[in-house]
Amino acid sequence: MKFLVTGAAGFIGHHVSERLIAHGEEVIGLDNLNEYYDVNLKNSRLGRLAGKPNFRFKKLDLVDKDSIGKLFREERFDNVIHLAAQAGVRYSLTNPYAYTSSNIEGFLTVLEGCRNHRVQHLLFASSSSVYGANTKIPFSVRDKVDHPMSLYAATKRANELMAYTYSHTYALPCTGLRFFTVYGPWGRPDMALFLFTKAIIEGRPIDVFNFGRMQRDFTYIDDVVEGVVRVVRTVPKPDLASSSTLYRLYNIGNGKPVELTKFIEVLEGCLGKKAKKNLLPLQLGDVPVTYADVDDLIKDVGFRPLTSIEEGIKRFTEWYMSYYRNV
């Protein structure tokens with residue numbers, strides 16, 4: 001099959017593209033290579049994909065609807081995996097327009113391409129942040145998500161509603177994946193694990209919000225990729241109990257929230273060095289706990305993430321030490 005993977009130079013997009021290529025699929029990778037974080041890292045990820053006979057890269061911005069429309073017309077994709085987005089909860093506090101441009105306008109361009117060219121399945125990235133101020137745990141895809149705590153979360157919820165509308169109106173099969181704190185090799189430099197590792201190695205203090213009592217459902221990248229690949233092959237079918245017959249949502253998380261203090265302890269063990277900590281209150285836009293109910297994922301595709309933080313952090317630190325020793 002021919003896949004479009006948006007955000008192919010990104011953390012998750014690069015890993016998903018790599019897996020699809022290994023399975024013999026044809027992949028067109030799209031990215032605008034923006035400067036939200038180190039472009040050299042993005043290019044290094046692309047370098048791992050370049051030269052593969054069934055991979056081609058297109059540097060395009062999703063808000064360029066004419067170029068994206070042309071791409072859909074020329075390539076005739078079977079499936080689209082939409083992972084491109086302006087990420088980051090905290091960045092949305094100071095750069096709000098980046099989120100409406102990329103996450104709303106850009107997603108609309110993808111939806112239009114899919115419906116006009118009869119894509120078999122659109123899989124798109126949502127986020128655990130849509131659960132916002134919800135207090136019932138674990139978080140279920142059946143829970144109401146009416147109280148986002150950041151603009152980033154609001155745009156991700158908007159994506160879900162937009163996809164629902166296109167699925168209902170145009171019979172476009174759509175599946176949204178709510179990712180829970182993804183980490184691992186080739187990760188994003190703005191994420192806690194990356195920031196903590198760099199600071200500890202350099203002997204600088206780390207900012208520990210909510211005084212270390214923050215709990216996150218850390219999900220290792222290989223588990224996320226496995227979930228994506230399984231779900232994209234599971235096209236939503238009509239469901240008489242559902243008002244939208246070709247639309248699904250799944251959580252992809254470990255289902256085992258870990259306190260931030262424990263996470264830091266494991267990292268310290270892997271690095272063989274203690275962290276200096278700045279203990280700080282909960283930051284604006286953050287939520288104290290995330291916790292995924294993955295029962296639907298298990299039932300429908302027969303998979304649940306299982307990688308422990310001990311194993312996942314070990315693999316990340318090994319990659320980090322190797323990568324930054326060679327760049």
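Leaving aside neighbours within four places in sequence, Ile81 is in contact with Phe3, Leu4, Val5, Thr6, Val16, Leu20, Leu123, Val228 and Val232. The model is predicted.

- Strands of a sheet pair through backbone hydrogen bonds, in either a parallel or an antiparallel arrangement.

- Strand β5 covers residues 121-127, and seven of its seven residues are buried, so the strand is largely enclosed by the rest of the structure.
- In a regular strand, side chains alternate between the two faces of the sheet.
- In β5, His121, Leu123, Ala125 and Ser127 point one way, while Leu122, Phe124 and Ser126 point the other way, and all are buried.
- On one flank, β5 pairs with strand β4 (residues 79-82) in the parallel sense over four bridges.
- Within that pairing, Asn79 stands opposite His121, and Ile81 stands opposite Leu123.
- β4, helix α4 (residues 96-116) and β5 together make a right-handed β-α-β unit.
- β5 also runs parallel to strand β6 (residues 174-179), to which six bridges join it.

**The nonpolar core**

- The largest nonpolar core has 93 residues, of which Ile12, Val80, Ile81, Leu122 and Phe179 touch the most other members.
- Helix α7 (residues 221-232) supplies the largest share of this core, with seven residues.
- In soluble globular proteins, nonpolar side chains tend to be buried together.

**Helix α6**

- The buried residues of helix α6 (residues 192-202) are Leu193, Phe194, Phe196, Thr197, Ala199 and Ile200.
- An α-helix has 3.6 residues a turn, so residues three or four places apart point the same way.
- These buried residues of α6 pack against α2 (39-49), β7 (182-183), β8 (206-208), α8 (260-271) and α10 (309-325).
- Gly203 follows α6 and has a positive phi, near 75 degrees.

**Cysteines**

- The structure holds zero disulfides.
- The cysteine sulfur closest to that of Cys174 is in Cys114, at 7.1 Å, which is too far for a bond because a disulfide requires the sulfur atoms to lie within 2.5 Å.
- Cys174 counts as buried, at 0% relative accessibility, whereas Cys270 counts as partly exposed, at 32% relative accessibility.

- Asp296 is found in helix α9 (residues 295-301) and is buried, with a relative accessible area of 14%.
- Apart from neighbours within four places in sequence, Asp296 is in contact with Val141, Arg142 and Tyr250.
- Asn54 is found in the loop between α2 and β3; at 19% relative accessibility, Asn54 counts as buried because the cut-off is under 20%.
- Not counting residues up to four places away in sequence, Asn54 touches Ile21, Gly24, Glu25, Glu26 and Val27.
- The C-alpha atoms of Asn54 and Asp146 are separated by 42 Å, and the two residues are 92 residues apart along the chain.

**Backbone features in loops**

- The peptide bond from Ile137 to Pro138 is cis, with omega near -5 degrees; Pro138 lies in the loop between β5 and α5.
- Arg118, in the loop between α4 and β5, has a phi near 50 degrees, a positive value in a residue other than glycine.
- Trp186, in the loop between β7 and α6, likewise is a residue other than glycine with a positive phi, near 70 degrees.
- Arg118 is exposed, with a relative accessible area of 55%, whereas Trp186 is buried, with a relative accessible area of 11%.

How values were computed: Residues numbered from 1 in each chain as written. Predicted model: local features only at pLDDT ≥ 70, side-chain atom pairs only at ≥ 80, totals over all residues. Heavy atoms only, no water. Buried < 20%, exposed > 50% of the residue type's maximum accessible area, 1.4 Å probe, protein only. Helix = DSSP H or I, 4+ residues; strand = E, 2+ residues; numbered from the N terminus. Pairing = 2+ DSSP bridges. Right-handed = clockwise from strand over helix to strand, strands pointing away. Contact = heavy atoms within 4.5 Å. Core = buried A, V, L, I, M, F, W, Y, C linked by side-chain atoms within 4.5 Å.
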